[in-house]
Amino acid sequence: MKFVHTADWQIGMKAAQVGAAAERVREERFAAGARVVELAIERAVDFLLVAGDTFEDNAVDRVAVRRVAEILGRFPGPVYIIPGNHDPPVAGSVWDHGAWDEHPQLRVFRVPDVIELPDGRLFACPLREKHSPHDPTRSIEPDTSRSTIRIGLSHGTVEGIADDAVDYPISPGVCQARGLDYLALGHWHSTATFADGRVVYAGSPETTKFGERDSGNALVVSIDTPGAAPTIEVCRTGGLSWQVIERIVTQPRDLLDVAQAVDKIADPGATLLAVRLSGVISASDSPTLERIDEILQSRFLWGSLDASRLVPEPSDESWLAELPSGPIREAAARLAASAHASAREQGDAQTAAVSTQALRELYALRTEVGA
Amino acid sequence: MILRTITVSGWRCYAAAVTLGPFADGINVIHAPNGVGKSTLFEALQRGLLDSHRVQGESVRLLQPWGRELAPSVAVEFEHEGDEYRVEKRFLNGASSELLRRENGAFNRLSEGREADNRVREMLLGDAAGRGLTKPAQWGIAQVLWVPQGDLAFDELSGGLTKTISEMLGAQISGLEGGALEQRVEQEYLKYFTAAGKLRGGRDAPAHVALAGQLSDLERQRLDLTGRLEAFDEASRQVEDCRVRLAQYDARCEELVRQIAECRKEAARHAELVKVRGQRQLEASEAQREFESCASSIDRLAKLRGEARDGERERQRLESEVAALERDDEHHTRQQSRAHAELLTQRARRDDVERRFNEAEAARRFHELTRGQQQLSRLSEQSGQLQKQIVEAERRLSELLAPDDGQLRAIQAAQRAYADAHTRLDAVLLRIELIPAVDGWLEVLAGEETGGRDVRAGVPITINGSPELAIDWQGVGQIRASGPHHSAAELRSTRDAAAARLEQLCRPFACDDIAELERRHTEGSALRGHIGELNARREVLLDGRDDRKFASELAAVSASREKLLREHSGWGNSPPDADELLAAAKQTKDAFQREIDRLELRQEEVVRTATAAKERLAAAKATLSATKRHGDDVRAQIDVLVADGRDDAARERRRSELSLAWLGAKEAVEAVGRKLDAFAQQPDDDLARLESQLEATRTQQCDLAARQHQAQGRLDAIQRESPYSALGHVEEQIAVLSARIESERQRGEAIKLLRDTIHDVRQEVFARVARPIEVAATRMLERIAGGRLGRVCLDNGLAPRGVVPRISETDVSVETLSGGEQEQIYFATRLSLAERVAERERQLVVLDDVLTATDAGRLMRIQAILEEAADRLQVLILTCHPERYAGLGGCVTWDLEAAIEASRATVG
């Protein structure tokens, strides 16, 4: 059999950290979902598995629910959907929407169930609440006879991948214990495989935040015979790129490199870029810094420049010498010293940032007055 | 710069040219009386060095001498940085300016016109001349060094001078560019903060403050939406809870329905058994009834037969008894009649008893009346005797003519009055006692009694009178006597009135002898007492009755007695013995009463006995009648019982059969009872309980369904709001706004830090500039005024702000000090500043009539300081009190008045 495994569409998710780009981020998730369905159609798979957290919350906009139902409804074959911890099938949940009934091929499992597949059997293990210390796969009757291809569909955390006490813990040996050929999981947003490729997270089809290792994918899975190792093809479905450029600036060249790196990013209109700089900055670096900020603001879908951990270069006194003698120069020297002392000796990043910005403001005003 | 000479002409009071100089390098004192032109000279020095020669206006035209159309001119020779210069300026008509420098022993022109003006200012002040007259604030260093009259105090020095002084002290002050940059920083600062350092608000608020309101609104929206989301979750939980519980209720209802069905079957079976048991019981009851009826009939028949026999015997006995009772009743009736007759006879004797009592009472009454009559007669006789004695005493009293107490007192009082009047009169009368030796005749001409009288030899004659006595004694002469003039007439009148009163009072008693009247009074009182006693005794006798009543009573008693005598005629001669009669009457009465009592008792007993006999008879008859009826009933019942035609044996057989049938029926009932006992509980009760539970469960189910419906409604309503999506939008707006606000806030903080740092540095720089000045001024002040005032404090303009006395930690404002101390503080400050300025080059200090409020002692100390300062400064003192500065060492004095006179002489 061949199927597409997807999960964690997180439709309706909030993206406050990206401000005005949040709406675009949310809209892209629909597009990514559509790409998953298109992938499934293109690859002519037997069915589509959606392993939970299709929606970010049960209280999302009902229009979004209909849109998802219609997107999934485009697939001509069966679509097996389980609720996750974000969208459990409680009263008022997204699964009560009438749109699901309009597409007969969509099957939403509200309770654990077993259905017969053409070449196997599907064990659906939906979640019924947001938190639980229980293994959601416990309802799967063990059968290690390998008489048929057994597919599990669930949502939770494979034990060992997080140090904290987790919800819905799933043993890495679940496939061996219960005789599953493949366990399609959702919950973690990056594509990952465990237990020799049988316990698999599809990951979110669209990245949800900075720092996700490998999100924006859907999986095309093929299992030829019972007991055979699954063949997993990771297919890119994400439309946006979330990137972080973190650099320690020690010399002016470093900042130029950052500027160039920013400049070279392809398709900035579909990129969310966070630039985080630390280190030392000379007065002459200010224009470069401003240029980086302007590019981020003007060219990218969303851009952020965090220069709060940059402090003035202690040996850079040239620009101080250009200041009028007297209180102004003295004040500038003090601000520079304060920035350094706060940053390095006292660990007071806030004071260092304010002192540095004060110097930058002085520099800008001085340039303005001098002009 | 130090001054060498000054020449002034056509300048106010200086019509002709006046030249002063060359001045010494040290102290120069220019003195002149008021109005001579000291200050004008100083003014000319200022204008000549600092003003443009082309100034116009009324203030310049006032420089012209009164009534003259002269062009004010001034020429100043001075030294600056080792060179000698001379500037010549002419104002108004033919305005000109020339600057010359001594070269090779002669002054050569260096510049002229505006160039000359500017060059002089640049040498002295470093800036060009202005368009108008230069004000002290534009004097540069001279602002400190030159003190016009009355201007020793100063508020602040110009910024340029402060900068100059600071630079002289090595302090770095921002130049033009620095100033512009500082202004720019300040501008940016003022976009965020007020001059007082507070964050701006209102329309001028910085962006992050202005946006705070929007952020607050968004936060409120977030709070609301978060609440809606929580409400959504809560409603969802409620709906879920209701679903679970409804499912539980459904299961419960199904179970109850099943139990009810089971219970109904049991109840039906139970009911059937109960019905069967009822039937069996009826049958058993019927069998028992038949048996008992048969047995009862047999027993009753036997009983009735026994009763019939007993009844017959009883009837016979009762009939005998009734006959005996009838005879007894007749006997008692006869006895009752006899007793009643005897009682009536005895009662008829009551009148006799009463008659005896009446007689005894009459006798007693007769005796009583007799005694009363005798007593009354005796009292009457006694009363008569007393009455006679009273009459006699009253007669004697009336013949006595005795005054009573009041009359006697009145007479005595009149007697006293008369005696008193007489004594008074006698006291005032003149009295002459004549004892004639021979017989004769005299006439009293004036005296108490006038008229003639015979005199006898040896018989004294007393003659009274008042106020004089006049006696014409025949043959002897006249004798006159006079005395104090008293009103004997009044006394005499009083005496006469008293005598008349006495006579009037005594007249009813025909006696004017008081003693006699007193005797009569005493006797009269005794008679009256006796009369009173007699009256009292008579009243006692009469016992409150008057004579008429007394007589009437006596008559009544007598009449009553006569009546009794008529009724009992023998009593007159032989009075009855009332006691004896009474005793006889009592005795008779007692005997009568005893007999009556006996007869009445006897009658009661007889009546009782008769009544009892009648009752017995009636009872016996009733019993007999009842017995007869009972006997008839019994026979009738027996007839009924034997009407079936059976004999006794047949009846016995019937009873046995019925007994067996009854036992069988009872056994059948018990069998059904055992089946019913097999039921543990009453099925009907269980059924009722289960149905009640079902009803309650369905009711709860309905309620829960309603609550679920409501919760679902709330859930649907919130669902339509899409709170999660709405919350996401709001949080995104908050993030954007917060970032912007934070950016602005941080920029504001950075600008503030920048501005405050610059400000702090300026303060420190200034402190470095001001501190040496303060120290020098403090030391100088201490030398002048002692240590009481303490430390001099300067403000940002290097002007004295106040002092900090040693005993105080706080500033004392200059304005609160005395005028002299203010002068000294400002003088010390100026001189300290001047010495700083003069560190590179000797400078000119001009003091135009200052220190006018300083006392001589402190002025002396100031002069000592000036002497020291003369090492570094050229001091020019303008004064109208040269004597004050006579003690100044090394001082050159200039008599301005003499100089002016000399110049006039030169011109003239």
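This report walks through the sheets, the helix packing and the chain contact of a predicted model.

## Ground rules and confidence

Because this is a predicted model, local features need pLDDT of at least 70 and side-chain atom pairs count only at pLDDT 80 or more, while totals for chains, interfaces and linings use all residues. Residues are numbered from 1 along each chain as its sequence is written, and chains are lettered from A and ligands numbered from 1 in the order in which they are written.

For chain B the mean pLDDT is 89, with 96% of its residues at 70 or more; pLDDT is the predictor's confidence in each residue, from 0 to 100. For the complex, the predictor gives an ipTM of 0.87 and a pTM of 0.55.

## The sheet of chain A

Let's start with chain A. Its 6 strands in the order S4-S3-S2-S1-S13-S14 form an open sheet with mixed pairing. Strands here are DSSP runs of E with at least two residues, helices are runs of H or I with at least four, and both are numbered from the N terminus. Two strands pair if DSSP finds at least two bridges between them. Strand S4 (106–108) and strand S14 (231–236) of chain A are the edge strands, each pairing on one side only. On average, neighbouring strands of this sheet are turned by 20° against each other, direction ignored.

Within the sheet, strand S1 (residues 2–6) and strand S13 (residues 217–222) of chain A run antiparallel and are joined by 4 bridges. To find one of them, look at Phe3(A), whose bridge partner in S13(A) is Val221(A). Helix H1 (residues 22–42) of chain A lies across S1, strand S2 (47–51), S13 and S14 of chain A, at about 170° to S1(A). Such angles run from 0 to 180 degrees between N-to-C directions, and axes are lines fitted to C-alpha atoms, for helices over the stretch in contact.

## Where the chains meet

In the chain contact, 36 residues of chain A touch 45 residues of chain B; two residues are in contact if their C-beta atoms, placed from the backbone, lie within 7 Å. On the chain A side, the elements giving two or more residues are helix H7 (327–345) and helix H8 (349–370). H8(A) provides the largest share of that side, with 10 residues.

By class, the chain A side divides into 18 nonpolar, 8 polar and 10 charged residues. Here Ala, Val, Leu, Ile, Met, Phe, Trp, Tyr, Cys and Pro count as nonpolar, Asp, Glu, Lys and Arg as charged, and the others, Gly among them, as polar.

## Helix pairs in chain B

Over in chain B, helix H9 (residues 350–400) packs with helix H14 (residues 578–641) at an angle of about 160°, their axes 8 Å apart. H9(B) and H14(B) are therefore roughly antiparallel, a word used for angles over 145 degrees, whereas under 35 is roughly parallel, 65 to 115 roughly perpendicular and the rest oblique. Their crossing is left-handed: the near helix is turned anticlockwise from the far one by less than a right angle, and clockwise would be right-handed. The residues that meet include Phe357(B) and Ala360(B) in H9(B) and Leu581(B) and Ala585(B) in H14(B). By class, this contact of H9(B) with H14(B) has 10 nonpolar, 2 polar and 5 charged residues.

H9(B) also packs with helix H13 (residues 547–567) of chain B, where the axes come within 9 Å and cross at roughly 150°. That makes H9(B) roughly antiparallel to H13(B). The crossing of H9(B) and H13(B) is left-handed. Among the contact residues are Phe366(B) and Leu369(B) of H9(B) and Leu554(B) and Val557(B) of H13(B). The contact of H9(B) with H13(B) divides into 8 nonpolar, 7 polar and 3 charged residues.

## A sheet in chain B

Finally, 3 strands of chain B form an open sheet in the order S15-S16-S17, with antiparallel pairing. Its edge strands, each pairing on one side only, are strand S15 (791–794) and strand S17 (812–813) of chain B. S15(B) is joined by 4 bridges to strand S16 (residues 800–804) of chain B. Leu794(B) has Pro800(B) as its bridge partner in S16(B). Helix H18 (residues 819–837) of chain B packs on this sheet, touching S15 and S16 of chain B, and its direction makes about 110° with that of S16(B).
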